[in-house]
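Trainee: Could you take me through the salt bridges here, slowly? I'd like to know which residues pair up and where they sit.

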Amino acid sequence: MGAVTVKVPTSMRHLTGGSGQVPADGDTLRAVIGKLEANYPGLGARLVDESGALRRFVNVYVDDIDVRYEQSLDTPTPDGSTLWVISAVAGGS
Amino acid sequence: MTVALMDWWMLTDFIDETICQYRLSLKTRDLDTAQHLPRSWGLLLGRFTADAFRVQEVQFGTNVRETSPLVLQEFEDVIVPCFGSAYANGGRGFWCDSEDVLRITRHAESKGLEVLGSIHSHPDWHHIDPAHERGQRLSQEPTPMDEYLYRNTGWPLNLICYVESRDNEIFHTLGGWSAPSYVDAEARAQPITIRYTLARRALKERTL
């Protein structure tokens with residue numbers, strides 16, 4: 001099972017006790033998110049909506065790969081990879 | 001109370017861009033169709049403690065508001081129906097390319113900084129027009145659409161630079177705002193006080 005490092009943006013650090021980087025494991029992004037939700041309640045719900053899809057306000061990169069353009073939640077998460085959770089940056093005028 | 005601490009000069013590039021955008025919009029103010037909608041924005045980088053953000057850098061990215069299918073879908077499904085047809089205009093609002101957010105996040109990490117949030121401009125539509133925007137009266141406070149985006153993106157520091165022209169001069173006000181709670185739909189963005197550096201050293205060494 002792949003051990004990965006998850007980079008958490010400041011926008012979600014209140015869910016990880018302030019940590020900007022947390023460990024997780026799983027062979028796919030879906031499995032990793034399941035572990036994140038178990039260890040940091042609420043974090044998984046910030047990433048995935050009620051239908052089980054990645055939220056529009058979130059991007060996840062496995063190293064340099066944007067999972068939205070790969071296999072989304074079924075994207076493999078190789079051992080030693082880094083998952084970058086990226087919150088959208090947006091506003092109006 | 002949380003405060004945002006910064007050096008005024010750090011905003012120079014953002015302010016220059018804001019003025020440039022604003023002047024372009026003034027040139028087309030009498031036209032009844034959208035010619036140029038002033039829009040400037042950037043990401044805020046810095047450090048934070050329990051009660052203060054120390055903003056140290058502004059970085060800029062690519063706006064995908066009008067090109068990303070995902071973003072266009074969000075505007076069509078939620079933002080326009082909820083916050084008005086004005087937002088059907090692709091010149092309204094910004095959305096940073098996620099590749100740029102990742103790049104800037106890595107840049108911040110390499111310098112021991114964090115991405116704290118964003119800054120964007122609000123023009124005085126009610127003064128400058130164009131005609132189809134006359135009903136908009138903005139300020140340095142977040143619009144309902146801003147609050148929706150702040151809630152969903154969750155960044156802890158959100159700055160709004162309100163720009164207004166009077167008597168051939170341009171003025172501004174900077175407002176700082178928290179993200180409304182993600183789990184409380186009634187929660188509102190709360191103001192964050194902005195303080196500018198007054199002196200680089202609190203204690204000056206005596207020279208003999």
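This is a predicted model: local features need pLDDT of at least 70, side-chain atom pairs count only at pLDDT 80 or more; totals for chains, interfaces and linings use all residues.

**A close look at the salt bridges**

Mentor: The side chain of Lys7(A) meets that of Glu109(B) in a salt bridge, with 2.9 Å from N to O. Lys7(A) belongs to strand 1 (residues 3–7) of chain A and Glu109(B) to helix 3 (residues 98–110) of chain B, so this pair joins two chains. Glu109(B) counts as partly exposed, at 42% relative accessibility.

Now look within chain B, where Glu147(B) and Arg188(B) form a salt bridge, their closest N and O atoms 2.6 Å apart. You'll find Glu147(B) in helix 5 (residues 144–153) and Arg188(B) in the loop between strand 7 (169–177) and strand 8 (191–196), so the bridge ties together parts that are 41 residues apart in sequence. Glu147(B) is buried, because its relative accessibility is 7%, and buried means under 20%. Arg188(B), on the other hand, is exposed at 53%.

Next up is the pair Glu164(B) and Arg166(B), whose side chains meet in a salt bridge at 2.4 Å, N to O. Glu164(B) is buried, with a relative accessible area of 14%, while Arg166(B) is partly exposed at 44%.

Over all chains, the structure holds 14 salt bridges.

How values were computed: Residues are numbered from 1 along each chain as its sequence is written. Chains are lettered from A and ligands numbered from 1 in the order in which they are written. Side-chain values use heavy atoms; hydrogens and water are left out. A salt bridge is a side-chain nitrogen of Lys or Arg within 4 Å of a carboxyl oxygen of Asp or Glu. Helices (H or I, at least four residues) and strands (E, at least two) are DSSP runs, numbered from the N terminus. Buried means under 20% relative accessible area, exposed over 50%, partly exposed in between (1.4 Å probe, protein chains only).
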